[in-house]
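Me: I'm new to this one and would like a tour. Could you walk me through it in questions and answers?

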Amino acid sequence: MRIQKTLSALAALAALTAVTGCGTSEADPGPKAAGITVRIPDPGNSGVLALGKKDGSLDRALAKVHAKVEWTGSAGPFAPAAQAMNAGQLDIATGSITSGITSLAQTPGFAFFSATAPDPVGEGILARKGSGIDRIEDLVGKKVAVNQGGTGEYLLLKALADHHIPADKVERVYLRPDQTAAVFNTGKVDAWAVWSTYAVAELGGGKAKFIADGKQIGSDNYSLNAVRTDFAKQHPEVVKALYAYLHEGSVKEKKDPGAYLNVITDAGPQAVTGEAKRIQTAFTAQGGTVEPITRADIKRFDDVARFYADQKVTKAKVDVAPHVIDVEKLS
């Protein structure tokens with residue numbers, strides 16, 4: 001009942017902001033919408049936004065609502081992107097619900113407008129082949145690298161809880177994901193709880209394996225797109241147009257993952273090649289698509305927030321529902 005009331009309030013807010021933000025139809029946004037700049041982290045070499053940047057399709061989609069993209073920085077962990085949105089320096093970012101919850105525990109200036117179902121095969125807990133770590137129980141007494149408050153810490157804690165292993169029986173080593181590969185490969189940590197962005201290279205190298213993936217862990221780690229709150233209020237038609245572009249692109253990417261890999265270059269450190277490319281293509285084909293956030297999704301977000309509070313990752317349970325936009329109600 002509480003969620004239903006919250007969603008009703010959000011729908012009313014969306015309708016109000018649509019009137020005050022643009023006051024016209026999507027086909028004719030009017031002078032208030034002219035010249036809008038939406039700041040998005042540079043997407044790098046793969047994915048829907050990368051292809052949209054290269055072929056101009058994103059520019060064309062946003063031009064219909066008199067908006068244009070300014071690429072700002074580069075895509076990475078959600079926590080710093082959330083801080084940038086809070087500071088008014090960024091308008092759109094992508095991250096996990098787990099990082100989203102810890103960011104919402106601060107003073108958030110953003111809201112979520114779309115969700116992609118948890119990755120069943122691309123996230124999980126990695127161990128080196130031949131390490132003797134073959135199952136979750138083998139992590140007892142070991143060091144596991146995680147990103148604090150985000151996907152890695154969630155996956156580890158969820159796996160331990162499901163196997164009735166006290167969290168303090170495993171040492172969490174907090175590291176930035178882009179700094180973890182060397183630590184993992186030199187044996188300074190015994191395992192790494194991580195997602196596909198970083199797991200694919202390790203799996204493709206042939207020296208690491210998942211001892212449990214997202215499906216086996218029972219992960220509810222949705223990927224979410226977030227928008228700066230004031231931007232959504234002022235330009236709801238731009239948020240709706242961006243959602244439509246991301247949704248359509250994600251459906252195409254799932255059907256033809258290879259077309260969205262190595263978009264800018266097929267050589268160098270940014271490129272995915274060999275076995276890693278095969279693995280990434282298979283992961284994407286089994287992944288989800290960008291969709292509106294439903295009541296059922298919010299219930300699962302709430303479960304993750306409660307789990308984080310129970311595990312002392314957050315000081316108290318974070319209420320996610322007030323920070324969700326019903327993108328289908330925007331106009």
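Predicted model: local features only at pLDDT ≥ 70, side-chain atom pairs only at ≥ 80, totals over all residues.

Me: How many helices and strands are in the protein chain?
Reply: Helices (H or I, at least four residues) and strands (E, at least two) are DSSP runs, numbered from the N terminus. On that basis the protein chain has 13 helices and 10 strands.

Me: What percentage of the residues of the protein chain count as buried?
Reply: Buried means under 20% relative accessible area, exposed means over 50%, and partly exposed is in between (1.4 Å probe, protein chains only). The chain has 331 residues, and the buried share is 51%.

Me: What share of contacts comes from residues 24 or more positions apart?
Reply: A contact means heavy atoms within 4.5 Å. Taking the contacts in the protein chain with a separation of 6 or more, the share from residues 24 or more positions apart is 81%.

Me: How many residues of helix H5 are buried?
Reply: Helix H5 spans residues 97-104 and is mostly covered. Its buried residues include Ile 97, Gly 100 and Leu 104, and they pack against helix H4 (78-86), E3, strand E4 (110-116), helix H6 (151-162), strand E10 (223-228) and helix H13 (295-310). The count of buried residues in H5 is eight of eight.

Me: Which backbone nitrogen does the side chain of Ser 96 reach?
Reply: Ser 96 is in strand E3 (residues 92-96), and it counts as buried because its relative accessibility is 10%. Beyond neighbours within four places in sequence, Ser 96 is in contact with Thr 151, Asn 221, Tyr 222 and Ser 223. At 3.1 Å, its side chain reaches the backbone nitrogen of Ser 99.

Me: Which residues does Val 320 touch, not counting residues up to four places away in sequence?
Reply: A nonpolar core is a set of buried Ala, Val, Leu, Ile, Met, Phe, Trp, Tyr and Cys residues joined through side-chain atoms within 4.5 Å. The largest such core has 47 residues, and Val 320 is among those that touch the most other members, as are Phe 112 and Phe 301. With residues up to four places away left out, Val 320 touches Ile 97, Ile 101, Leu 104, Phe 112, Phe 301 and Ala 305.

Me: How many residues are in the other core, the one with Val 65 and Tyr 245?
Reply: This core lies apart from the largest one. Val 290 and Ile 325 are also among its members, and its size is 29 residues.

Me: Where does Ala 208 sit, and which residues is it in contact with?
Reply: Ala 208 is found in strand E9 (residues 208-213), and at 5% relative accessibility it counts as buried. Setting aside neighbours within four places, the contacts of Ala 208 are Leu 126, Ala 127, Arg 128, Lys 129, Phe 184, Glu 202 and Leu 203.

Me: Is His 66 buried, partly exposed or exposed, and what is its phi?
Reply: Most residues other than glycine have a negative phi, and most peptide bonds are trans. His 66 lies in the loop between helix H3 (57-63) and strand E2 (67-74), and is partly exposed because its relative accessible area is 38%. Although it is not a glycine, His 66 has a positive phi of about 60°.

Me: What is the phi of Lys 312?
Reply: Lys 312 is in the segment after H13, and with a relative accessible area of 70% it is exposed. Again not a glycine, Lys 312 has a positive phi of about 65°.

Terms used
Residues numbered from 1 in each chain as written. Heavy atoms only, no water. Polar contact = N/O pair within 3.5 Å; in protein donor to acceptor, adjacent residues only side chain to side chain.
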